[in-house]
Structure formats: C-alpha cells, structure tokens
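Thanks for coming. I have one structure to show today, and I will keep to a few points.

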Amino acid sequence: MPPQLGDVIVHAHHLLAEVLQAGDLAVDLTAGRGRDTLFLARQVNTSAAGTVVAIDIQRQAISASDQLLRQHGITLCSNGDDNGVWLCCANHAASGQLLQPLCRRPRAVIANFGYLPGGDHNLTTTAADSVTAVAAASELLLPGGRIALVLYTGHVGAAEECHAIEELCATLAPQRWNRVRLQPLGRNNAPYLLALEKR
Ligand SMILES: C[S@@+](CC[C@H](N)C(=O)[O-])C[C@H]1O[C@@H](n2cnc3c(N)ncnc32)[C@H](O)[C@@H]1O
C-alpha cells in the first residue's frame with residue numbers, strides 16, 4: 001500500500017531520515033513491536049558502526065522487537081557503545097541514566113506513545129514517565145538532531161499525556177529549538193506528531 005498522507009509515523013520517519021547518518025546513535029523510547037527500531041537500525045547502518053538504543057518497559061515488547069529485528073538480519077548488541085541494536089527492558093524514565101554514560105550523543109529520538117498493539121491496552125505510557133524521558137532526550141540530543149513524538153488521543157490517560165508533552169515542548173526555547181506539529185484533519189482521535197529539532 002502506498003504511504004498515506006495522514007499516517008504520521010511515515011512523516012516521523014521521513015523527518016528523522018533527513019538527519020540520520022550511517023554510524024549515528026539513535027534512540028527509540030518505546031520499542032513496542034520493533035517497527036520504529038527497525039527503521040532506525042537501517043538508517044544508522046547497525047551492521048557497520050551505527051547503534052540504536054531501544055527501550056520498552058514490557059518484556060513482551062522486547063521479545064517482539066527482538067524477533068522482528070532477527071527476521072530482518074539486524075545485528076543485536078548488549079551495550080550502547082557497540083554497533084547494533086541494544087534492546088533494553090526498562091522504564092524510559094531512566095533513559096537519561098542509560099544514555100548519559102555512552103560515548104556518543106543521539107542524533108535522532110523517536111517515541112511512539114500509547115499501548116503495545118496486540119498487547120494489554122491498559123499498559124500505556126504515562127504523562128510523568130514520558131515527560132521525564134523526552135526531557136532527558138532533549139538534553140542529550142546533538143545539535144541538528146531531531147526528536148519525533150507520536151501522540152495518541154483515544155485511550156484513558158492520553159489527554160493528560162498529550163497535555164504534559166505539549167507543555168514540555170512549549171518550554172523549549174525557540175532560539176534553540178524548531179518545533180512542528182503535524183495533525184491529520186477531520187479524523188477524531190487520530191494520532192498526531194510533534195517534531196523537535198535542536199538548533
Ligand atoms: C505504541 S507502542 C510502540 C510502538 C513501537 N514503536 C513499534 O514500532 O512497534 C508503545 C510502547 O510503549 C511501551 N511503554 C509504556 N510505558 C513505558 C515506559 N514507561 N517505558 C518504556 N516503554 C513504555 C509499551 O510497552 C508499548 O510497547
């Protein structure tokens with residue numbers, strides 16, 4: 001199926017692909033079923049020098065991501081300084097502690113919030129943890145790097161999370177950050193994209 005204009009994940013990938021280079025470090029704050037991680041792995045060329053740190057709080061998501069990445073022949077690793085994808089079963093609120101000791105800074109970060117598709121819909125990202133994770137990522141991001149935040153509006157707690165993330169984005173100084181919102185029109189509860197670029 002050709003890409004659809006209203007699919008904000010396609011736009012998120014385009015925006016990150018524009019800045020990512022082979023050998024970069026990229027971060028997926030919500031690995032889920034591994035589709036965004038797979039995209040990042042291809043962009044940074046994890047079989048050469050690139051690294052993706054992919055975090056998810058659910059063991060089920062880490063297993064699903066592991067399976068998808070292996071199916072596509074992606075190199076896995078157990079250290080954010082090696083080349084490959086490092087799958088971390090952790091709360092992304094701890095992403096600052098995970099990323100701070102690494103030799104490189106990320107050039108791209110993605111967070112696709114909400115619940116695991118095909119999983120427990122009650123286990124969702126939360127406003128407090130999401131804000132902590134995005135704040136840490138924004139500190140560590142390289143100049144010229146980008147963050148793509150895909151936000152959902154339909155589930156319990158979603159409105160609070162969207163509000164908290166939007167408030168955080170509003171605090172980022174326009175002198176240091178370009179900030180963009182992309183939202184499908186005329187579709188209630190459709191996910192939307194906030195994209196951030198560090199100047
Ligand atoms: C919409 S899914 C992500 C989709 C994924 N990026 C993909 O390409 O398949 C959201 C994920 O966030 C995870 N999650 C929820 N709370 C989290 C937290 N505090 N830290 C890390 N991951 C979390 C869920 O387990 C779920 O897998």
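I will start with the sheet and then turn to the ligand.

This is a predicted model, where local features need pLDDT of at least 70, side-chain atom pairs count only at pLDDT 80 or more, and totals for chains, interfaces and linings use all residues. Residues are numbered from 1 along each chain as its sequence is written.

The sheet is open and has eight strands, in the order S3-S4-S2-S1-S5-S6-S8-S7, with mixed pairing. Strands here are DSSP runs of E with at least two residues, helices are runs of H or I with at least four, and both are numbered from the N terminus. Two strands pair if DSSP finds at least two bridges between them. At the edges are strand S3 (76-77) and strand S7 (177-182), each with a single partner strand, so one side of each has no neighbour in the sheet.

Now strand S5, residues 106-112. Seven of its seven residues are buried, so the rest of the structure largely encloses it. Buried means that 20 or more other C-beta atoms, placed from the backbone, lie within 10 Å of the residue's own. S5 runs parallel to strand S1 (residues 25-28), joined by four bridges, and parallel to strand S6 (residues 146-151), joined by five. Valine 109 of S5 stands opposite valine 27 and also opposite isoleucine 147 in S6.

Which residues are closest to the ligand? They are Thr30, Gly32, Arg33, Arg35 and Leu116, and 22 residues surround the ligand, each with its C-beta atom, placed from the backbone, within 6 Å of it. Helix H2 (35-44) and strand S2 (51-56) each give two or more residues to that shell.

How values were computed:
A residue is buried if 20 or more other C-beta atoms lie within 10 Å of its own, exposed if 12 or fewer, and partly exposed in between; C-beta atoms are placed from the backbone.
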